[in-house]
Amino acid sequence: MIQRTLNTLLTFWAYFIFIVPVFSQTTPDIGYQALISGGGLTTPIDIVNAGDGSNRLFVVQRGGTIRVYDQNLNYIQDFLTVSDVGTAGEGGLLSLAFHPNYETNGFLFVYYTRPDFSLEVARYSVSSGNSNSADPASKQIVINIPHPTFNNHNGGKIAFGPNDGFLYLGTGDGGSGGDPSNNAQNGNSLLGKMLRINVNTLPYTIPPDNPYVSDPNIADEIWAIGLRNPFRWSFDRANGDMWIGDVGQSAQEEINYRPAGSTGGINYGWRCYEGLASYNTAGCQAASNYIEPIYTYGRDNTVGGQSVTGGFVYRGTEFPSLAGYYIFADYVSDNQWVITPDRTQMLQLPDAGFPADIVAFGEAENGTLYAASLSGNTIYKVIDNAALPVTFGTIKATRKEANLYINWTTQSETNNSHFEIEGSVDGKTFATIKTVDSKAIDGNSSSTINYAITLGKDSLGMMLGISLLAVLTIAGFRSGKKWGQVSLLVLAVFIVVSACNKRDVAKGTGDDTLFIRIAQVDKDGTKRYSQTVQVVNE
């Protein structure tokens, strides 16, 4: 009896220890909200932030130009056009990284291919007196890596280590197929590697703890060996762990993971191994001498793909349910996966109409995760569909004569009460100008709903007046001078009075700086905001 009871207890605990964890992970309901599209955006290929407290977002375009957006994702201007960029094959301007001390030194680094196919990193400085522009005359070459013969497999990502401040660069193996020159295993070649250099001053120097500084057969810049084409890779901002999406040859795509502190001095195995399979083992060591990928997937467009786009571990605050998940995609199949926070499972996400051709992921300063799609030239925000009561579709605001026309769609609504249309003259200080009830039955809908309203000059003038009143009042009190406060308040009151008299305030200089956003209000009063759009004048 005692033995039977003991066996029952052991079986019970074994069930919870070994069985329950297998089913404890649920697949997150990840979705994508289009926030930047059109407006001149072409071939977006990298998304980064400056880490300077401005909350701006920088979008790298393959053709060579970097665009800068404010914290509301309104386009500000072109930040920089990089010179000597070659776009043949898989080339172009591929990545951007801001120095960890950018706020004080103004240094930024770009990675691109030249017309001769070589890989190059250059340093620029921010323009004096204009934080939204880099000085094109400040260009200094950091490193040039010969990449002869082929115009593919360039790698494509640079980033500063969060724990050491050094610049990391993932390079491709030189192109063609099968690494015919065996660059990835050649310690004298900088191709097919993860490099690590100190760029605090130029020329760059070698960090003294680089793993091969005492090995005459391996270049000092090399941090890790044996990569095929690490087009997109990232650091986990929370702990410095390294995640690498390495594009496969013909059988397997792979995700490599190494915890912080153990990322250097290792060999990922290409071309000896492709993923977990042997590829070309001539002159190679036993498989145990190489670091295996944490996960792989095959060349199946239903459950796999043909070109992995490495992603990021989600560390944003907006969707706590996504915290710790590594999110990535396949550029060709458009399939997507997550790796669970404990790294025990790779879960394929149900196909929910994901954007096609995702070529990069990138983080904002607050950890918000974005994705760049070459299909439609669009920047998306990665969201948790289950956490959003309303999924916005398109939003458009057009001003014609004295009227403002606002159109938007919702793709789904859950427990939605109403919308509050808000306007602003500076994109920061908003005033509510119209309340619109939800069209969804009892606030719930799983299909697209179209909304459209027209605001006359009286409503528009009132909105502008209230928004300007708030802006000028804040400016007055920030000045700390009583005369300034009084004069600005008088001006603000005049604007509001004019608005109330239905004078068309919007016909003034504020015409080109009118912004609209939509606040969605739950039945419990919780308020969430759409993207901010600038009004188009017709």
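Residues 24 or more positions apart supply 57% of the chain's contacts with a separation of 6 or more; contact means heavy atoms within 4.5 Å. This is a predicted model: local features need pLDDT of at least 70, side-chain atom pairs count only at pLDDT 80 or more, and totals for chains, interfaces and linings use all residues. Residues are numbered from 1 along each chain as its sequence is written, and side-chain values use heavy atoms, with hydrogens and water left out.

The chain has four helices and 36 strands (DSSP runs, H or I of at least four residues and E of at least two, numbered from the N terminus). Of its 538 residues, 53% are buried (under 20% relative accessible area; exposed is over 50%, partly exposed in between; 1.4 Å probe, protein chains only).

The whole structure holds 14 salt bridges (a side-chain nitrogen of Lys or Arg within 4 Å of a carboxyl oxygen of Asp or Glu). Among them are these:

| Salt bridge | N to O distance |
|---|---|
| Lys139 and Asp84 | 3.6 Å |
| Glu253 and Arg299 | 3.0 Å |

Lys139 sits in strand E9 (residues 130-145), and Asp84 in the loop between strands E5 (75-81) and E6 (93-98), 55 residues apart. Lys139 is buried at 18% relative accessibility. Asp84 is partly exposed at 42%.

Glu253 belongs to strand E16 (residues 252-258); Arg299 lies in the loop between strands E20 (295-298) and E21 (308-313), 46 residues apart. Glu253 is buried at 0% relative accessibility, whereas Arg299 is partly exposed at 31%. Elsewhere, shared partners join Asp84, Arg114, Glu120 and Lys139 into one salt-bridge network.
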